[in-house]
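Please consult the sequence and the structure shown below while reading.

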Amino acid sequence: MENIKHKILVLSGKGGVGKSTIAVNLAAWLSMQGKNVGLLDIDIHGPSVPKLLNLNNKGLHADGDKIKPVSYSDTLEVMSVGFLLQEESSALIWRGPMKHNVIKQFVTDVSWSNLDYLVVDCPPGTGDEPLSIVQLLDNPDGAVVVTTPQQLSVVDVKKCITFCRQLNLPVLGVIENMSGFICPHCNKRTDIFKSNGGEQLTSDFNVPFLGSIPLNADLVNACDSGEPFVLSNNHNLTTQALKNAFEPLTISITQTQINKEA
Ligand code: ADP
């Protein structure tokens, strides 16, 4: 872990809000900036990262007495419990201590390169996995919390922020995903999951708001075909919104490091 400069957790209160999508796009965007990036998927029961990067059929290989992470590109390497499964439909039925042990192995027994950033995709909620990773990572920089705008999701994000505060994990910011849909036919905006719930929450809890990402059918297709949308040549509101949300994050991490070193 001493070879990894910055560690960012991606959390959400609920499943299905786009947390893995944000984690994968954040990692891909950072690697596009010329950074060396690792993406660690600790969603033991529903690992999405191999599918989102079209790495489903990759097996794991030994690297001396360690496990070699799977390369997505020269600057993005990946580890996921999904690489251990025989088939897409296989399930791991594990209790907390087993999950803790595998997460510990992903941290200590993987031959991660010298990384500028390690992005960790956690399962939704405040259970065993996020607790284990916060304890195992040496001083993570903080968490990005993903929500959708409606109250049903926002209520659970409040729990995530409380979790971070209890573990002294800085909240780097909240991203409001699936925020508004622009009809490609009439250009009219519809707030399918309402609007501004995430932004309102950040002012109530005094944490940074990183931005809103619209609903976009092309993003779903990119996810299903295993291509990080942020890398596509498709310049649209959604790719721009993703970049706008990620930029302040790296600026605040760099600033915090400068302050620490001063
Ligand atoms: P989580 O990790 O929170 O469970 P996922 O990242 O797996 O959520 O996303 C759930 C589904 O929502 C996926 O099919 C993904 O393609 C889709 N999705 C995520 N963000 C958006 C968005 N902004 N617009 C449209 N679909 C999205």
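## The cavity

The count comes to one cavity of 30 Å³ or more. A cavity is here a set of points, on a 1 Å grid over the protein atoms alone, where a 1.4 Å probe fits but cannot get out. Grid points are joined across faces, edges and corners, and a volume is the space filled by probe spheres set on the points. The model is predicted: local features need pLDDT of at least 70, side-chain atom pairs count only at pLDDT 80 or more, and totals for chains, interfaces and linings use all residues. Residues are numbered from 1 along each chain as its sequence is written, and side-chain values use heavy atoms, with hydrogens and water left out.

The largest cavity has a volume of about 30 Å³. Its lining (residues with an atom within 4 Å of a point) includes Thr21, Val24, Leu219 and Phe229. Helices H1 and H7 each give two or more residues to this lining; helices are DSSP runs (H or I, at least four residues), numbered from the N terminus. By class, the lining has seven nonpolar, two polar and one charged residues. Ala, Val, Leu, Ile, Met, Phe, Trp, Tyr, Cys and Pro count as nonpolar, Asp, Glu, Lys and Arg as charged, and the others, Gly among them, as polar.

## The largest pocket

A pocket is an open set of points with protein on both sides within 12 Å along at least five of seven lines. The volume of the largest pocket is about 380 Å³. It is lined by 23 residues, of which Gly16, Gly18, Thr21, Met178 and Cys223 are the closest to its centre. H7 gives the most to this lining, with four residues. The lining comprises nine nonpolar, nine polar and five charged residues.

## The ligand

The ligand sits in the largest pocket, meaning that more than half of its atoms lie within 2 Å of the pocket's grid points.

Polar contacts are pairs of N or O atoms within 3.5 Å. An oxygen atom of the ligand lies 3.0 Å from a backbone N or O atom of Val17. A nitrogen atom of the ligand is 2.9 Å from an N or O atom in the side chain of Asn177, and a nitrogen atom of the ligand is 3.0 Å from a polar backbone atom of Asn216.

Methods:
A polar contact is a pair of N or O atoms within 3.5 Å; within protein, one must be able to donate a hydrogen and the other to accept it, and residues adjacent in sequence count only if both atoms are side-chain atoms.
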